[in-house]
Amino acid sequence: VFPNASLWESIPGLDYILIGVKDGFQINFSRIKQVLENEKIKTDLARINLAQPEKILARFLMGPEELKRLAEDSPIHTDNRRQMELYIPRIVYEVEQRKRQALIVQEFIKYRGAVFDYLISRPEPEEIKQIEKYSLARLYNMEGMYLALSKKGQEQALEKFKLALKLDPEDNFIRQPVYEYYRLLGNQELAQGKIDSGIQNLIQAWQYYPKGSMIPDLAGFYFLEKGDFQEADKWLTKAVEQNPEDPFAWYLKGRLSLDLGQLDRAKEELERAISLWEEFEQAQAGAEFLPGIAKKTPQGFQASLYFYLAEAYRRSGRELEALSGYEQALLIQPKFPEALVASGKIFLKLGNLEASLKRFSQAVELEPKNPFIHLLYAQALERAGKKEQAVSELRKSLELFPKDWQGRGQIEKQIEKQIEKGLDNVIGAAQRMCENYGSSRDWYKKD
């Protein structure tokens, strides 16, 4: 039907456009420029980085002569030998998709023609430079795709993509494979426990294609865990700017505000995360890196949300609301040591000894090597009149403190003197002295 045709690139490695013509094939560059003066057409094409006539010409792959050379060894399609109906489906099922795509790209590189051979209106010298530049970017991109698809060198493919990006930095079809390279490498390193390099590669990925990704959330979590609050705030701000309904980002922002002592702000952010819980669960299912984060949040995100919200209330002096939050966290995750301890301390302060003893007893079972929990349990037992058990718990606590703890010897000497008078004084002194040692979770499990 069409004796001549031309082939154009649409989506690299996936979609190509074959345009048939009855007469001789020619490209009118002046006509392309004229059409792009239509703002509606130009705006539509700008969404796919084709608002410049030079970039349209750079998508040219082959004219009639190149297509003839490409097809000259191929079987002829006739009514009684329907090659397209029979041969193509067989290839689709017999050849792996990546390999099939690699073969196609390889052939297109081999037979790729020069668009200038078909132009009937000569571009200006500066336009020629632009056409050559964008055409070279397409070639680098195709070479990178071939290397990546054929698995003949991922790093070499990356270098080709980067060369293409230098020539056409606005092309997202080039950015995407670079993004995929760093994303896959980052996730692979995270799975291998290489946290620092894994995060840096994911950050690199996001910088190449900052769209529709939870990488800012992960970077925010990483810097929050490291105590780099400035970087954490930067990445979490990016996350909520990208998606204001991102529950994971609001959860992390709430934790950050809590660490910074911004209690009212923390409450607002954590409550917003709770209100978006359904989306939060979908985010967990959809983000491949969240299982790695979950390992550092063993109590689960939902229980942790209520725990941190309770912490914000407690630090604001609103202990009853804090208690409600801790209890909600425990309904979701009963084996939550921090929530058990925090809840037990408030029950102890309110004089509810039975509830306090129950919480501390459960916490001791979960974390028997935590000296701080044994101290609190001893205090609750003393208040309940269970002096022998209180002394036992106090001694267990002292045994668990590091040998080099400077207050250890002094407290041990005081124990016997204080037994007759009551244990509150010695327990209080032990708690005050061990506060100087820093966070209990940093060292109590060490041998």
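Strands β1 (residues 4-11) and β2 (residues 15-21) pair in the antiparallel sense over 7 bridges; strands count as paired if DSSP finds at least two bridges between them. This is a predicted model, in which local features need pLDDT of at least 70 and side-chain atom pairs count only at pLDDT 80 or more, while totals for chains, interfaces and linings use all residues. Residues are numbered from 1 along each chain as its sequence is written, and side-chain values use heavy atoms, leaving out hydrogens and water. Helices (H or I, at least four residues) and strands (E, at least two) are DSSP runs, numbered from the N terminus.

**Strands**
- Because 6 of its 8 residues are buried, β1 is largely enclosed by the rest of the structure. Buried means under 20% relative accessible area, exposed over 50%, and partly exposed in between (1.4 Å probe, protein chains only).

**Salt bridges**
- The structure holds 23 salt bridges, each a side-chain nitrogen of Lys or Arg within 4 Å of a carboxyl oxygen of Asp or Glu.
- Glu143 and Lys160 form one of them (2.9 Å, N to O). Glu143 lies in helix α7 (residues 125-149) and Lys160 in helix α8 (residues 154-167), so the pair ties together parts 17 residues apart in sequence.
- Arg314 and Glu311 form another, at 3.2 Å, N to O. Arg314 is partly exposed at 34% relative accessibility, whereas Glu311 is buried at 10%.
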